[in-house]
Amino acid sequence: MTNRRPITCHLICKVIDFFGDIGVAWRIAKQLKADFNVEVHLLVDDLITTQKLIPSLDILLKKQTIDGIFLHHCDFSENSDSLPAPPLFVFNLFNIDLPHQYKSLIQREKSRYIAIEYLSAEPWVDNFHLKPSIDAQSGLIKTFFYPGFTNQTGGLIREKNLPLDRKAFSLKQREDVIHSLDGDPSFFSISLFYYPSQKIDIFLDLMERMKRSIQFFIPQYLFDLLNIKKSYQYIRIIPYQFLSHDDFDRLLWSCDLNFVRGEDSWIRALWAGKPFIWQPYIQENNIHLIKLKAFLKLYCESCNQELSDWLIKAHEDWSHNEFNETLWRQFFTHQSGLQDFALEQSRNYSKEASFVESLVDYCSET
Ligand code: TRH
(Lines give C-alpha, C1' and ligand atoms only; values in the text may rest on other atoms or scores of the structure.)
Protein backbone atom coordinates (compact mmCIF):
# COMPACT_ATOMS: atom_id res chain seq x y z
CA MET A 1 0.00 0.00 0.00
CA THR A 2 1.59 3.34 -1.01
CA ASN A 3 -0.88 6.15 -0.04
CA ARG A 4 -0.28 5.68 3.66
CA ARG A 5 -1.25 8.40 6.13
CA PRO A 6 1.67 9.64 8.33
CA ILE A 7 2.16 7.48 11.42
CA THR A 8 3.60 8.42 14.80
CA CYS A 9 4.41 5.62 17.24
CA HIS A 10 5.91 4.68 20.55
CA LEU A 11 8.13 1.60 20.26
CA ILE A 12 8.69 0.14 23.71
CA CYS A 13 11.84 -1.88 24.44
CA LYS A 14 12.73 -3.39 27.81
CA VAL A 15 16.24 -4.87 27.74
CA ILE A 16 15.95 -8.30 29.39
CA ASP A 17 19.40 -9.67 28.67
CA PHE A 18 21.92 -9.96 25.84
CA PHE A 19 21.46 -7.69 22.82
CA GLY A 20 18.39 -8.97 21.04
CA ASP A 21 15.76 -6.81 22.65
CA ILE A 22 17.43 -3.57 21.67
CA GLY A 23 18.86 -5.19 18.52
CA VAL A 24 15.39 -5.96 17.21
CA ALA A 25 13.94 -2.66 18.50
CA TRP A 26 16.63 -0.57 16.83
CA ARG A 27 16.27 -2.46 13.57
CA ILE A 28 12.50 -1.96 13.53
CA ALA A 29 12.86 1.71 14.48
CA LYS A 30 15.42 2.37 11.72
CA GLN A 31 13.28 0.72 9.08
CA LEU A 32 10.05 2.43 10.18
CA LYS A 33 11.86 5.75 9.76
CA ALA A 34 13.99 5.03 6.68
CA ASP A 35 11.54 3.00 4.59
CA PHE A 36 8.18 4.40 5.74
CA ASN A 37 8.99 7.82 7.24
CA VAL A 38 7.19 6.92 10.48
CA GLU A 39 7.83 9.26 13.43
CA VAL A 40 9.36 6.81 15.91
CA HIS A 41 9.71 7.41 19.65
CA LEU A 42 11.80 4.55 21.04
CA LEU A 43 11.18 4.15 24.77
CA VAL A 44 14.01 2.11 26.30
CA ASP A 45 15.14 1.39 29.86
CA ASP A 46 18.79 0.30 29.55
CA LEU A 47 20.94 2.92 27.78
CA ILE A 48 24.21 1.12 28.59
CA THR A 49 23.24 -1.92 26.49
CA THR A 50 21.57 0.33 23.90
CA GLN A 51 24.85 2.21 23.44
CA LYS A 52 26.46 -1.05 22.28
CA LEU A 53 24.12 -0.96 19.27
CA ILE A 54 24.09 2.85 18.99
CA PRO A 55 27.62 4.09 19.87
CA SER A 56 26.63 7.77 19.39
CA LEU A 57 24.03 7.48 22.18
CA ASP A 58 24.57 9.73 25.24
CA ILE A 59 23.71 7.54 28.22
CA LEU A 60 23.10 10.58 30.42
CA LEU A 61 20.29 12.10 28.36
CA LYS A 62 16.61 11.44 29.12
CA LYS A 63 15.75 12.35 25.50
CA GLN A 64 17.80 12.47 22.32
CA THR A 65 17.39 12.10 18.58
CA ILE A 66 19.58 9.70 16.62
CA ASP A 67 19.18 9.00 12.88
CA GLY A 68 15.84 10.85 13.04
CA ILE A 69 14.56 8.54 15.80
CA PHE A 70 13.50 10.06 19.15
CA LEU A 71 14.90 8.04 22.06
CA HIS A 72 13.40 8.37 25.54
CA HIS A 73 15.04 6.86 28.61
CA CYS A 74 12.15 5.32 30.58
CA ASP A 75 11.50 3.12 33.57
CA PHE A 76 8.90 0.39 32.98
CA SER A 77 8.29 -0.53 36.63
CA GLU A 78 4.64 -0.92 37.65
CA ASN A 79 4.26 2.50 39.28
CA SER A 80 6.45 4.45 36.89
CA ASP A 81 5.16 7.71 35.43
CA SER A 82 8.23 8.29 33.27
CA LEU A 83 6.58 7.39 29.98
CA PRO A 84 5.31 10.26 27.77
CA ALA A 85 1.67 10.31 26.66
CA PRO A 86 1.26 7.87 23.75
CA PRO A 87 0.57 8.86 20.11
CA LEU A 88 -1.90 7.02 17.89
CA PHE A 89 0.18 3.80 17.79
CA VAL A 90 1.93 1.95 20.61
CA PHE A 91 4.17 -0.98 19.67
CA ASN A 92 5.09 -3.03 22.74
CA LEU A 93 8.09 -5.10 21.68
CA PHE A 94 7.97 -8.59 23.20
CA ASN A 95 4.77 -7.66 25.04
CA ILE A 96 6.29 -6.51 28.33
CA ASP A 97 4.23 -5.49 31.39
CA LEU A 98 3.53 -1.77 31.20
CA PRO A 99 3.19 0.75 34.04
CA HIS A 100 -0.44 1.23 35.16
CA GLN A 101 -0.31 4.95 34.45
CA TYR A 102 0.81 4.42 30.85
CA LYS A 103 -1.91 1.85 30.20
CA SER A 104 -4.46 4.43 31.37
CA LEU A 105 -2.92 6.98 29.01
CA ILE A 106 -3.28 4.51 26.11
CA GLN A 107 -6.97 4.23 26.92
CA ARG A 108 -7.42 7.96 27.40
CA GLU A 109 -5.64 8.77 24.11
CA LYS A 110 -7.46 5.88 22.35
CA SER A 111 -4.10 4.68 20.99
CA ARG A 112 -3.94 1.51 18.91
CA TYR A 113 -2.01 -0.88 21.17
CA ILE A 114 0.00 -3.58 19.35
CA ALA A 115 2.02 -6.27 21.14
CA ILE A 116 4.90 -7.46 18.95
CA GLU A 117 5.75 -11.03 19.88
CA TYR A 118 8.92 -13.13 19.65
CA LEU A 119 9.76 -14.80 16.36
CA SER A 120 8.91 -18.49 16.08
CA ALA A 121 8.39 -20.96 13.22
CA GLU A 122 5.89 -22.97 15.29
CA PRO A 123 2.64 -23.57 13.36
CA TRP A 124 0.37 -22.10 16.06
CA VAL A 125 1.78 -18.62 15.34
CA ASP A 126 -0.35 -18.36 12.18
CA ASN A 127 -3.53 -18.60 14.29
CA PHE A 128 -2.49 -16.02 16.88
CA HIS A 129 -1.28 -13.28 14.55
CA LEU A 130 -3.60 -10.19 14.67
CA LYS A 131 -5.75 -11.73 17.41
CA PRO A 132 -7.01 -9.17 19.96
CA SER A 133 -6.90 -9.62 23.72
CA ILE A 134 -8.62 -7.64 26.49
CA ASP A 135 -6.81 -6.88 29.74
CA ALA A 136 -9.12 -8.29 32.49
CA GLN A 137 -8.44 -5.49 34.98
CA SER A 138 -8.21 -2.37 32.81
CA GLY A 139 -10.28 -3.46 29.79
CA LEU A 140 -7.35 -2.34 27.62
CA ILE A 141 -7.48 -3.98 24.17
CA LYS A 142 -4.24 -5.03 22.52
CA THR A 143 -3.59 -6.77 19.21
CA PHE A 144 -0.92 -9.46 18.91
CA PHE A 145 1.41 -8.97 15.96
CA TYR A 146 3.64 -11.94 15.23
CA PRO A 147 6.71 -12.01 13.00
CA GLY A 148 6.99 -15.31 11.18
CA PHE A 149 7.99 -17.40 8.19
CA THR A 150 4.57 -17.70 6.51
CA ASN A 151 2.20 -15.27 4.80
CA GLN A 152 -0.25 -15.80 7.68
CA THR A 153 2.11 -13.84 9.95
CA GLY A 154 3.74 -10.39 9.89
CA GLY A 155 6.78 -11.80 8.06
CA LEU A 156 10.48 -11.32 8.80
CA ILE A 157 12.38 -8.08 9.40
CA ARG A 158 13.97 -7.20 6.05
CA GLU A 159 14.94 -3.71 4.94
CA LYS A 160 13.71 -2.68 1.49
CA ASN A 161 17.23 -2.47 -0.01
CA LEU A 162 18.68 -5.52 1.72
CA PRO A 163 18.27 -8.09 -1.11
CA LEU A 164 19.81 -5.72 -3.66
CA ASP A 165 22.64 -4.69 -1.31
CA ARG A 166 23.35 -8.36 -0.60
CA LYS A 167 23.30 -9.26 -4.31
CA ALA A 168 25.66 -6.38 -5.13
CA PHE A 169 28.19 -7.40 -2.44
CA SER A 170 31.35 -8.18 -4.42
CA LEU A 171 34.33 -10.46 -3.79
CA LYS A 172 36.47 -7.32 -3.46
CA GLN A 173 34.15 -6.03 -0.73
CA ARG A 174 34.38 -9.43 0.95
CA GLU A 175 38.17 -9.22 0.89
CA ASP A 176 38.01 -5.70 2.36
CA VAL A 177 35.77 -6.91 5.21
CA ILE A 178 38.06 -9.84 6.00
CA HIS A 179 41.18 -7.62 5.85
CA SER A 180 39.48 -4.98 8.05
CA LEU A 181 39.18 -7.67 10.74
CA ASP A 182 42.83 -8.76 10.30
CA GLY A 183 41.76 -11.94 8.56
CA ASP A 184 43.11 -13.73 5.49
CA PRO A 185 40.64 -13.86 2.56
CA SER A 186 42.16 -17.16 1.42
CA PHE A 187 41.02 -18.89 4.65
CA PHE A 188 37.70 -20.66 5.04
CA SER A 189 35.80 -18.16 7.22
CA ILE A 190 33.44 -19.00 10.05
CA SER A 191 31.66 -16.44 12.29
CA LEU A 192 30.86 -17.62 15.82
CA PHE A 193 28.10 -15.85 17.75
CA TYR A 194 26.87 -18.14 20.52
CA TYR A 195 25.69 -18.27 24.13
CA PRO A 196 28.47 -18.45 26.73
CA SER A 197 27.36 -21.97 27.71
CA GLN A 198 28.82 -23.31 24.44
CA LYS A 199 31.99 -25.38 24.94
CA ILE A 200 33.71 -23.55 22.10
CA ASP A 201 37.22 -24.69 23.13
CA ILE A 202 36.18 -28.31 22.46
CA PHE A 203 34.69 -27.30 19.10
CA LEU A 204 37.84 -25.41 18.11
CA ASP A 205 40.03 -28.41 18.99
CA LEU A 206 37.80 -30.53 16.73
CA MET A 207 38.10 -28.01 13.88
CA GLU A 208 41.91 -27.96 14.31
CA ARG A 209 41.89 -31.72 13.68
CA MET A 210 40.35 -31.03 10.24
CA LYS A 211 43.81 -29.72 9.29
CA ARG A 212 42.25 -26.98 7.16
CA SER A 213 43.02 -23.24 7.01
CA ILE A 214 39.95 -21.97 8.85
CA GLN A 215 39.61 -18.58 10.56
CA PHE A 216 36.98 -17.99 13.24
CA PHE A 217 35.61 -14.51 13.89
CA ILE A 218 34.42 -14.20 17.49
CA PRO A 219 33.04 -11.11 19.32
CA GLN A 220 35.75 -9.84 21.70
CA TYR A 221 33.57 -10.22 24.81
CA LEU A 222 32.96 -13.91 24.01
CA PHE A 223 36.64 -14.41 23.12
CA ASP A 224 37.66 -12.97 26.49
CA LEU A 225 35.49 -15.59 28.23
CA LEU A 226 37.30 -18.36 26.31
CA ASN A 227 40.63 -17.90 28.02
CA ILE A 228 42.42 -19.78 25.22
CA LYS A 229 45.94 -20.81 26.22
CA LYS A 230 47.00 -23.14 23.39
CA SER A 231 48.14 -22.14 19.89
CA TYR A 232 46.75 -23.86 16.82
CA GLN A 233 48.63 -24.89 13.68
CA TYR A 234 45.79 -24.79 11.16
CA ILE A 235 43.00 -22.61 12.52
CA ARG A 236 43.06 -18.90 13.45
CA ILE A 237 40.85 -17.27 16.05
CA ILE A 238 40.14 -13.62 15.36
CA PRO A 239 38.30 -11.59 18.01
CA TYR A 240 36.49 -8.46 16.81
CA GLN A 241 35.05 -5.41 18.53
CA PHE A 242 31.26 -5.11 18.53
CA LEU A 243 30.24 -4.18 14.97
CA SER A 244 27.45 -1.90 13.77
CA HIS A 245 24.36 -3.65 12.42
CA ASP A 246 25.52 -3.02 8.86
CA ASP A 247 29.07 -4.22 9.50
CA PHE A 248 27.74 -7.30 11.31
CA ASP A 249 25.65 -8.08 8.20
CA ARG A 250 28.74 -7.75 6.01
CA LEU A 251 30.69 -10.09 8.27
CA LEU A 252 27.94 -12.70 7.83
CA TRP A 253 27.92 -12.10 4.06
CA SER A 254 31.74 -12.55 3.95
CA CYS A 255 31.89 -15.83 5.87
CA ASP A 256 31.36 -19.36 4.53
CA LEU A 257 29.52 -20.59 7.62
CA ASN A 258 27.77 -18.52 10.30
CA PHE A 259 26.87 -19.58 13.83
CA VAL A 260 24.14 -17.27 15.09
CA ARG A 261 21.77 -17.11 18.02
CA GLY A 262 18.63 -15.55 19.49
CA GLU A 263 16.22 -13.66 17.27
CA ASP A 264 17.93 -10.98 15.20
CA SER A 265 21.28 -12.46 14.09
CA TRP A 266 19.32 -15.63 13.18
CA ILE A 267 17.41 -13.82 10.46
CA ARG A 268 20.44 -11.76 9.41
CA ALA A 269 22.15 -15.11 8.70
CA LEU A 270 19.13 -16.18 6.67
CA TRP A 271 19.47 -13.03 4.51
CA ALA A 272 23.25 -13.59 4.21
CA GLY A 273 22.47 -16.61 2.01
CA LYS A 274 25.31 -18.62 3.56
CA PRO A 275 25.03 -21.90 5.53
CA PHE A 276 24.23 -21.14 9.16
CA ILE A 277 23.70 -22.91 12.46
CA TRP A 278 21.19 -21.21 14.77
CA GLN A 279 21.32 -21.51 18.56
CA PRO A 280 17.93 -20.46 19.99
CA TYR A 281 17.80 -18.39 23.15
CA ILE A 282 17.99 -20.99 25.92
CA GLN A 283 14.69 -21.40 27.79
CA GLU A 284 13.49 -23.54 30.69
CA ASN A 285 12.19 -27.07 30.02
CA ASN A 286 14.01 -27.00 26.67
CA ILE A 287 11.22 -24.98 25.07
CA HIS A 288 13.88 -23.48 22.81
CA LEU A 289 14.47 -26.94 21.29
CA ILE A 290 10.80 -27.09 20.27
CA LYS A 291 11.31 -23.76 18.49
CA LEU A 292 14.46 -25.12 16.84
CA LYS A 293 12.67 -28.26 15.61
CA ALA A 294 9.80 -26.19 14.21
CA PHE A 295 12.20 -23.92 12.34
CA LEU A 296 14.22 -26.79 10.85
CA LYS A 297 11.01 -28.56 9.76
CA LEU A 298 9.98 -25.45 7.86
CA TYR A 299 13.43 -24.42 6.61
CA CYS A 300 14.41 -27.92 5.38
CA GLU A 301 11.05 -28.69 3.73
CA SER A 302 12.45 -28.19 0.21
CA CYS A 303 15.91 -29.58 1.00
CA ASN A 304 17.19 -32.95 -0.24
CA GLN A 305 17.27 -35.68 2.40
CA GLU A 306 21.05 -35.84 2.75
CA LEU A 307 21.48 -32.11 3.39
CA SER A 308 18.36 -31.95 5.53
CA ASP A 309 19.65 -34.82 7.71
CA TRP A 310 22.98 -33.04 8.09
CA LEU A 311 21.41 -29.68 9.01
CA ILE A 312 19.15 -31.27 11.62
CA LYS A 313 21.98 -33.32 13.15
CA ALA A 314 24.35 -30.31 13.14
CA HIS A 315 21.79 -28.15 14.95
CA GLU A 316 21.12 -30.89 17.52
CA ASP A 317 24.88 -31.35 17.94
CA TRP A 318 25.40 -27.62 18.43
CA SER A 319 22.45 -27.13 20.79
CA HIS A 320 23.60 -30.06 22.93
CA ASN A 321 27.29 -29.04 23.00
CA GLU A 322 28.24 -32.46 21.60
CA PHE A 323 30.47 -31.76 18.54
CA ASN A 324 30.58 -35.06 16.69
CA GLU A 325 33.78 -35.08 14.61
CA THR A 326 32.38 -37.22 11.76
CA LEU A 327 29.41 -34.87 11.45
CA TRP A 328 31.61 -31.78 11.14
CA ARG A 329 33.92 -33.49 8.64
CA GLN A 330 30.78 -34.13 6.58
CA PHE A 331 30.13 -30.37 6.50
CA PHE A 332 33.02 -29.94 4.06
CA THR A 333 31.65 -32.77 1.89
CA HIS A 334 28.21 -31.12 1.78
CA GLN A 335 29.47 -27.54 1.71
CA SER A 336 28.61 -26.60 -1.87
CA GLY A 337 25.13 -28.17 -1.59
CA LEU A 338 24.54 -26.36 1.70
CA GLN A 339 25.76 -23.12 0.14
CA ASP A 340 23.36 -23.43 -2.82
CA PHE A 341 20.46 -24.29 -0.50
CA ALA A 342 21.15 -21.35 1.83
CA LEU A 343 21.18 -18.93 -1.11
CA GLU A 344 17.99 -20.44 -2.53
CA GLN A 345 16.21 -20.15 0.84
CA SER A 346 17.37 -16.57 1.28
CA ARG A 347 15.80 -15.71 -2.05
CA ASN A 348 12.62 -17.70 -1.30
CA TYR A 349 11.97 -15.94 2.00
CA SER A 350 12.76 -12.57 0.40
CA LYS A 351 9.59 -12.95 -1.67
CA GLU A 352 7.38 -12.66 1.42
CA ALA A 353 6.16 -9.27 2.75
CA SER A 354 8.62 -7.93 5.34
CA PHE A 355 7.64 -7.49 8.99
CA VAL A 356 7.80 -3.69 9.16
CA GLU A 357 5.93 -3.37 5.85
CA SER A 358 3.14 -5.60 7.23
CA LEU A 359 3.06 -3.60 10.45
CA VAL A 360 2.78 -0.27 8.61
CA ASP A 361 0.13 -1.64 6.25
CA TYR A 362 -1.85 -2.91 9.23
CA CYS A 363 -1.61 0.49 10.96
CA SER A 364 -2.69 2.26 7.78
CA GLU A 365 -5.78 0.07 7.54
CA THR A 366 -6.96 0.29 11.16
O1 TRH B 1 22.00 -11.21 21.85
P2 TRH B 1 20.94 -12.20 21.57
O3 TRH B 1 21.07 -13.52 22.21
O4 TRH B 1 19.54 -11.60 21.97
C5 TRH B 1 18.56 -12.36 22.64
C6 TRH B 1 17.53 -12.80 21.63
O7 TRH B 1 17.07 -11.70 20.89
C8 TRH B 1 16.34 -13.43 22.35
O9 TRH B 1 15.31 -13.72 21.42
C10 TRH B 1 15.83 -12.49 23.40
O11 TRH B 1 14.79 -13.10 24.10
C12 TRH B 1 16.95 -12.16 24.33
O13 TRH B 1 17.99 -11.51 23.61
C14 TRH B 1 16.46 -11.27 25.44
O15 TRH B 1 20.87 -12.47 20.00
P16 TRH B 1 20.27 -11.61 18.81
O17 TRH B 1 18.78 -11.66 18.84
O18 TRH B 1 20.95 -12.07 17.60
O19 TRH B 1 20.69 -10.12 19.11
C20 TRH B 1 22.04 -9.74 18.98
C21 TRH B 1 22.08 -8.36 18.36
O22 TRH B 1 23.42 -7.86 18.37
C23 TRH B 1 21.63 -8.38 16.90
O24 TRH B 1 20.86 -7.24 16.63
C25 TRH B 1 22.94 -8.35 16.14
C26 TRH B 1 23.75 -7.45 17.03
N27 TRH B 1 25.20 -7.53 16.89
C28 TRH B 1 25.82 -6.46 16.30
O29 TRH B 1 25.15 -5.51 15.84
N30 TRH B 1 27.18 -6.46 16.21
C31 TRH B 1 27.94 -7.48 16.68
O32 TRH B 1 29.19 -7.42 16.59
C33 TRH B 1 27.27 -8.61 17.28
C34 TRH B 1 28.09 -9.78 17.77
C35 TRH B 1 25.89 -8.62 17.37
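This is a predicted model: local features need pLDDT of at least 70, side-chain atom pairs count only at pLDDT 80 or more; totals for chains, interfaces and linings use all residues.

In it, the ligand sits in the largest pocket.

Domain 1 (8-155) and domain 2 (165-349) both give residues to the shell, so the ligand lies between them.

## Who surrounds it

There are 22 residues around the ligand, and those that come nearest are Gly20, Tyr195, Leu243, Asp264 and Ser265. What kinds of residues make up the shell around the ligand? The shell divides into 12 nonpolar, 5 polar and 5 charged residues.

Now for some individual atoms. Gly20, one of the nearest residues, has a backbone N or O atom 2.8 Å from an oxygen atom of the ligand. In His245, an N or O atom of the side chain is 2.9 Å from an oxygen atom of the ligand. Glu263 takes part through its backbone: a polar atom there is 2.9 Å from an oxygen atom of the ligand.

How much of the ligand's accessible area does the protein cover? On its own, the ligand has 700 Å² of accessible area, and the protein covers 98% of that.

Key:
Residues are numbered from 1 along each chain as its sequence is written. Side-chain values use heavy atoms; hydrogens and water are left out. A residue is near a molecule or strand if one of its heavy atoms lies within 4 Å of it. A polar contact is a pair of N or O atoms within 3.5 Å; within protein, one must be able to donate a hydrogen and the other to accept it, and residues adjacent in sequence count only if both atoms are side-chain atoms. Accessible areas come from the Shrake-Rupley method with a 1.4 Å probe; for residues, only the protein chains shown count as cover. On a 1 Å grid over the protein atoms alone, a cavity is a set of points where a 1.4 Å probe fits but cannot get out, and a pocket is an open set with protein on both sides within 12 Å along at least five of seven lines; lining residues have an atom within 4 Å of a point. A molecule sits in a cavity or pocket if more than half of its atoms lie within 2 Å of its grid points. Ala, Val, Leu, Ile, Met, Phe, Trp, Tyr, Cys and Pro count as nonpolar, Asp, Glu, Lys and Arg as charged, and the others, Gly among them, as polar. Domain bounds come from an automatic or database domain assignment.
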